[in-house]
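Dear colleague,

My notes on it follow.

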Amino acid sequence: MMGLVLHDVTLGLTGRRATVRICGGRVDAIEPVSRPTGPGEVVDGRGGTLLPGLVDAHAHLLQWAAARRRVPLGAATSAAHAAAILAEAAPPGTDLVRGAHFHAALWPDRPHKTVLDRVLPDRPAALFSNDLHALWLNSAALRLLRREHPTGVFVEDECMALTAALPAPPPEVADRWVLAATDAAAARGVTAITDYEYADTVADWTRRAALRAPSTRIRCVIARFALDLAVERGHRTGDVLPEGGGLLGVGPLKLFLDGSLNTRTAHCHDPYPGGDYRGEALFAADELLALTRRAAAHGLTPALHAIGDAANALALDTFAALGTGGRIEHAQLLAPRDVARFAALGVTAGVQPAHAPDDRDVADTHWPGRTARAFPYAALLAAGTRLEFGSDAPVAPLDPWDAIASAVTRRDDDRAPWHPEQSLSLADALAASTGGRTDVRVGDPADLVLTARPLPGLPPDELRDLPITATVLNGALTHLSR
């Protein structure tokens, strides 16, 4: 069997240089650096760092694939500005115009259908907020969906339902987009993605795998509406699906407990400034406990979306009653008494470090006096919590190096770090991005990433744009930079 030789690589953060031989999908040998001999393709690492493959523990792959083809609105400073950007960049034709990544939390004006109607009076337009919790439609898009609405702005459940109702490309086109998105992820060193798309992900990925293998492993998250279907199919979290050549697996059950910070629907103990509103609680405690008990009884691990501190407290209370452990996704704002409960209850924190610098201004505005306990990664880690990094793509780029850099530096611009006491060491950030370890050993599965520069001594501000020499999945190259 032909193998693969990774010549002259630096093993993790040890500084030790070696040649690594791969055969049969596993690390077969680690040898002193010498001129490679024998069969197999040789990749010259030139001293770059070799790590276990990077994992994105939370992404929405269809939405990320689609967002790569939408008009970017992240630079918009107002609703009127966003509408102008959309109108200028809209591709020709009469089809639905889609925009993405708008941040309305700090705008001086509000999104409204009439703002879009002024620039696109007859062509349907749909704009997706950066956090995916708000959908902004013009009047033509409302007519397309046969809906009437006073503002054209939908949040939370209505946002999700209408997003699903929008015209979509044919499945074969969308499938090619999503498979291409896994290629782009592999080019950044990713070997596994947990797909939190609100869909029947098992069916979707079974269909895609019949076209070709994805360039990463895929963990198919079970949406709430698909719980009965998953139970009927006998799926359990951690199962490897028979389709996809061993690359497809069953993920956890995703349940939303609240909304988001940018939409001001995250459920908090304290009200948002200017009133008594505390965000949206999407579950009553007894309803949540009954649903998670049913899932756990059938081998499905609950993954609870909780952003506000009240939502996180409810999630932890639920896991305490279950006694099973599980996941909390996001964990953006925590009450001090709840930090230690994650580890005590065996709850993994699935976090997205790129959100901290992205949302620092919104957090300072809408969570005043509380940001010392926002995105508290160092505190969680010190309490013994298992951290797993994700991107929440398309909310942030599907690029673990973006998450790693944000976790280490707590910034993504020229300003001083935001709450640097919550920053992580490079070793801890890498461990949260690789499934828990940063070393490469003989016998390990050959899911690996080789950076173009050695990590020891690399300035932290250069992590975000670190070039990747090669990515290896199950012993085969999925990316190679020549």
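**The loop residue R212 and what surrounds it**

Leaving aside the neighbours within four places in sequence, R212 is in contact with L179, A180 and D183. Please bear in mind throughout that this is a predicted model. R212 is found in the loop between α7 and β13, the latter covering residues 217-222, and a polar atom of the R212 side chain lies 3.2 Å from the backbone oxygen of L179. Is R212 buried, partly exposed or exposed? With a relative accessible area of 33%, R212 counts as partly exposed, because that class lies between the limits of 20% and 50%. As for a residue elsewhere in the chain, D361 is 149 residues apart from R212 along the sequence, and the C-alpha atoms of the two are separated by 43 Å.

**Two pairs of packed helices**

Two packed helices are described by the angle between their axes and the distance between the axes. For helix α6 (residues 171-186) and helix α7 (residues 201-211), the axes come within 10 Å and cross at roughly 80 degrees, which means that α6 is roughly perpendicular to α7. On the α6 side the contact is made by P171, D175, V178, L179 and T182, and on the α7 side by W205, R207, R208 and L211.

**A buried residue in a strand**

Lastly, please look at T10, whose place is in strand β1, residues 4-11. T10 has a relative accessibility of 4% and so counts as buried, the limit for that class being under 20%. The side chain of T10 reaches the backbone oxygen of G47 at 2.6 Å. Not counting residues up to four places away in sequence, T10 touches G15, R16, R17, G47, G48, T49, L50 and P454.

With kind regards

Definitions and conventions: Residues numbered from 1 in each chain as written. Predicted model: local features only at pLDDT ≥ 70, side-chain atom pairs only at ≥ 80, totals over all residues. Heavy atoms only, no water. Helix = DSSP H or I, 4+ residues; strand = E, 2+ residues; numbered from the N terminus. Buried < 20%, exposed > 50% of the residue type's maximum accessible area, 1.4 Å probe, protein only. Polar contact = N/O pair within 3.5 Å; in protein donor to acceptor, adjacent residues only side chain to side chain. Contact = heavy atoms within 4.5 Å. Axes fitted to C-alpha atoms, helices over the stretch in contact; angles between N-to-C directions. Parallel < 35°, antiparallel > 145°, perpendicular 65-115°, else oblique.
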